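Q: I'm new to this structure and would like to learn how to read it. Could you walk me through it?

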Amino acid sequence: NPAELEAMMENIAASFLDRDYEPLFVERFNVKLLSSQYANYITRRVSLQVLSTILLTRVNYNVMVKYISNRSNLKTIMMLLRDSSAHITLDAFNVFK
């Protein structure tokens with residue numbers, strides 16, 4: 001059944017994201033994908049869209065709570081709200097939804 005398979009895959013992905021939160025989000029995602037120092041416009045924009053999707057997916061609730069409760073993550077997103085590109089700013093705003 002495709003719906004059961006999809007639910008199972010979402011749960012597997014959620015457990016992976018929850019288990020490996022620190023190396024994925026703190027050490028890689030914020031530093032390398034959202035930083036204008038290391039990532040270009042397209043990389044930052046797509047990374048913000050992926051981050052927003054991850055955080056707004058119900059099965060990733062634990063990851064969302066960890067992400068939004070970290071002060072460094074808040075600073076990163078707030079800096080992106082000040083980006084010169086309106087699209088980056090909008091995508092950063094969507095993370096706060």
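A: Gladly! Helices (H or I, at least four residues) and strands (E, at least two) are DSSP runs, numbered from the N terminus. This is a predicted model, where local features need pLDDT of at least 70, side-chain atom pairs count only at pLDDT 80 or more, and totals for chains, interfaces and linings use all residues. Residues are numbered from 1 along each chain as its sequence is written, and side-chain values use heavy atoms, with hydrogens and water left out.

Q: Which element gives the most to the lining of the largest pocket?

A: On a 1 Å grid over the protein atoms alone, a pocket is an open set of points where a 1.4 Å probe fits, with protein on both sides within 12 Å along at least five of seven lines; lining residues have an atom within 4 Å of a point. Here α5 gives the most, with three residues. The whole lining is N30, V31, L34, S35, S36, R44, T76, M79, L80 and D83. Two or more of these come from each of α2 (21-33) and α5 (71-81).

Q: How do the axes of α3 and α6 cross?

A: Axes are lines fitted to C-alpha atoms, for helices over the stretch in contact (heavy atoms within 4.5 Å), and angles run from 0 to 180 degrees between N-to-C directions. The axes of α3 (residues 41-56) and α6 (residues 86-95) come within 8 Å and cross at roughly 20°. Therefore α3 is roughly parallel to α6, a label for angles under 35 degrees. Residues making the contact include Y41 and L48 of α3 and H87 and I88 of α6.

Note on methods
Angles under 35 degrees count as roughly parallel, over 145 as roughly antiparallel, 65 to 115 as roughly perpendicular and the rest as oblique.
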